[in-house]
Amino acid sequence: MKKTISVFFDTNILESRDSDSLLSFSELKIPKTPFYDVIRCIDEFGLWESVELLIPDMVVMELKHHLNKEYKNKITQMQKAIQQYQERLGSLAEIDCTINTSCDDYSEYVNSLFEDFFATARNHSRIIESKKDSTTMKRLIEKATKTEAPFSMAGGNGKKYTDAGFKDAVIYETIVEYISNNDTIGILFTQDKDYGG
């Protein structure tokens, strides 16, 4: 049976940070709300015949990038902190810390976390690919130069940029194209306000 409702999730919905804004590095923690609440609701009302859960590939790329970047940053911070304490304590103490997973190995580990997530039946999710053809890219470039949603004006170093929001724009275009090609109703869970018309 053809799905009539497609539910999409943005990066800020799927990324889980603790109270210190830190990511969990050893496992993929997807927040219960709203992701697993949506699954529970679909289960309770028996809607799997008409509802599908989709995650744009740009969201997955962004989540992987955040995990890899923050892991590398935390390892670097930890090594600097150990060095500073060792210098202050001198021969009074010896601090030994072993990093069991290199940044390259961690990147492979992150890939396996996502493979497991999408292979797990209870997650009911699949990735949808963004189009990277010239027509889509031209449309994104035009929106960026005109600062059309989801692009926004941002500033830094005394300059104004009209292309802030590129990843959001790719996610948006991916969703719009999917909805159009599959004649489905789309629902996007996001914390961003960039997607307004």
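Modeller: Helices (H or I, at least four residues) and strands (E, at least two) are DSSP runs, numbered from the N terminus. This is a predicted model, in which local features need pLDDT of at least 70 and side-chain atom pairs count only at pLDDT 80 or more, while totals for chains, interfaces and linings use all residues. Residues are numbered from 1 along each chain as its sequence is written, and side-chain values use heavy atoms, with hydrogens and water left out.

Colleague: Where does H124 lie?

Modeller: H124 is in the loop between α4 and β3 (125-128). Its phi is positive, about 50°, although H124 is not a glycine.

Colleague: Why is that worth a remark?

Modeller: Most residues other than glycine have a negative phi.

Colleague: Which residues does the cis peptide bond join?

Modeller: The cis bond joins T33 and P34, with omega about 0°. P34 belongs to helix α2 (residues 32-45). Most peptide bonds are trans.

Colleague: Let us change topic. How many aromatic pairs are there?

Modeller: Rings of Phe, Tyr and Trp (its six-membered ring) pair if their centres lie within 6.5 Å; planes under 30 degrees apart count as stacked, over 60 as edge-to-face and the rest as tilted. By this rule there are ten aromatic pairs. One of them is F35 with Y36, which is edge-to-face because the ring centres are 4.8 Å apart and the planes are at 85°. F35 is buried, at 0% relative accessible area, and Y36 also counts as buried, at 18%. The pair of Y71 and Y106 is stacked, because the centres are 3.9 Å apart and the planes are at 10°. Y71 lies in helix α3 and Y106 in helix α4 (residues 103-119), so this pair ties together parts that are 35 residues apart in sequence.

Colleague: Are Y71 and Y106 buried or exposed?

Modeller: Both Y71 and Y106 are buried.

Colleague: Which residues do ring pairs link into a cluster?

Modeller: The cluster consists of F9, F35, Y36, F117, F118 and F189.

Terms used. Buried < 20%, exposed > 50% of the residue type's maximum accessible area, 1.4 Å probe, protein only.
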